[in-house]
There are 2 protein chains.
Amino acid sequence: MRLLLVEDDLILKDGLERSFVKSGYAVDVISDGEGANKLLTYQEYDVIVLDLGLPKLSGFEVLKRLRARGSNTPVLILTALEDTQNRVKGLDLGADDYLTKPFELAELEARVRALIRRGVSGGSAKISFGDLTFDTTNRQCMAGDIALSLSARELALLELLMLKASKVVSKAKIMEHLCSWDDEISENAVEVIVSRLRKKLNVFDIEIRTIRGLGYLLAKLENQNP
Amino acid sequence: MRLLLVEDDLILKDGLERSFVKSGYAVDVISDGEGANKLLTYQEYDVIVLDLGLPKLSGFEVLKRLRARGSNTPVLILTALEDTQNRVKGLDLGADDYLTKPFELAELEARVRALIRRGVSGGSAKISFGDLTFDTTNRQCMAGDIALSLSARELALLELLMLKASKVVSKAKIMEHLCSWDDEISENAVEVIVSRLRKKLNVFDIEIRTIRGLGYLLAKLENQNP
DNA sequence: AATTAGCTGTCAGTTTCACGTCAGCTTGAT
DNA sequence: ATCAAGCTGACGTGAAACTGACAGCTAATT
């Protein structure tokens, strides 16, 4: 899952980024409104965490323009405690949730997860496909009642494939979802992750099918059309 | 999705066309205002990318006449950087978005996508014909809820045929659509691709009919005139 | 500091398979 | 009957994908 963090406070910025990365998000961080606005014209995210007090272009303006372009990416805004007025204004402009500083890290993460859930899987914390159930809250994948032991990368890939189950996901899309802007990986790296994940999945009733030249898709074994 | 690109700069024209085609749009390109205006009187598009500086008839005039005919097709105009005045004029005339040169390719594509989403097409980038639904966003063809497993070439051909459903598509047009301009394929190659695609489609209620000497057309099986 | 263990990207050698070509056949028009 | 257009099974090729081995990195432990 790809997340954009727009925040100018140095300490907060670093702390949040590290924490999100650790939780398996691909995180881009930007500290001014102008840059954020520009970035958002051509880069899609799964969720945006937006501080309202920003240099150059206010968080309001960033949000307003994002919505004006027709995007419905979930946005969580961060406001100061006393700033009820602005909070309301933000929600009016199309923010999906807010959090007042100071806040608990765990709460922010929980709310971000909730936003992603709401946008993508119809509100459920769990995605099921075949034998497998992906639990987005604990970030683990279960087969029945036992948890698969997957690495962070494998987990992120499986999450993406399960979200788009039965749809073709291109390597470019995968790279985009697994990596933030400053760490790029090769196409081959994706192939390697797929290979490793396949090994761990081959006892179940699903498979990662290769569509040569286009990408991969998650399919149930029985649904083969030769 | 069908896109009209009106641009006279040779290099830009080719680059944009290739990029849009690669992203799965059916692209028509025309380089003068008069031709564009004429074309738009009888051909509908899902989105139009319009350069303002054009020979013969200015982009303004093309846009003005399009709106005068009552069309609400989304239009994105391209302007020179310093040309604020014209940009405003364009938006007044009914353009839906603008981009100043030079621009990022990714940004143009994102804005075009946004326009299509926002537009009258209701956001569903899907073409249906008979049993089949072609999902241009995910680039795959569904029969009910199962995805056909088609190769890249077969997919591209089917997309073209479905876009022009019930209309004759010449081999030349097909070759043009399947190949970028430095790799050419023989007419026979097209025949082979048609043959392979037919095999995969013959369980459904549509067929690829051969019109000897002219090309192919996609037709529903019941509509046979014997 | 050193060691260990697990994760992950790169590389290189191998395998796979989509697609264009070809050749021989079928169809249809005149 | 003749010829051109189209169809399709077979085949070779090269690009795409797979995967075992390895090395760099991080985090945890000693």
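The residues of the surface near DNA strand C divide into 10 nonpolar, six polar and six charged, where near means having a heavy atom within 4 Å, and where Ala, Val, Leu, Ile, Met, Phe, Trp, Tyr, Cys and Pro count as nonpolar, Asp, Glu, Lys and Arg as charged, and the others, Gly among them, as polar. This is a predicted model, in which local features need pLDDT of at least 70 and side-chain atom pairs pLDDT 80 or more, while totals for chains, interfaces and linings use all residues. Residues are numbered from 1 along each chain as its sequence is written, chains are lettered from A and ligands numbered from 1 in the order in which they are written, and side-chain values use heavy atoms, without hydrogens and water.

Of the 22 residues around DNA strand C, A:Ser151, A:Arg153, B:Ser151, B:Arg153 and B:Arg196 come nearest.

Within chain A, helix α6 (residues 152-163) and helix α8 (residues 187-201) pack at an angle of about 85 degrees, with their axes 10 Å apart; helices here are DSSP runs of H or I with at least four residues, numbered from the N terminus, and axes are lines fitted to C-alpha atoms over the stretch in contact, with angles from 0 to 180 degrees between N-to-C directions. The two helices are therefore roughly perpendicular, a description that covers angles of 65 to 115 degrees.

Technical notes
Angles under 35 degrees count as roughly parallel, over 145 as roughly antiparallel, 65 to 115 as roughly perpendicular and the rest as oblique.
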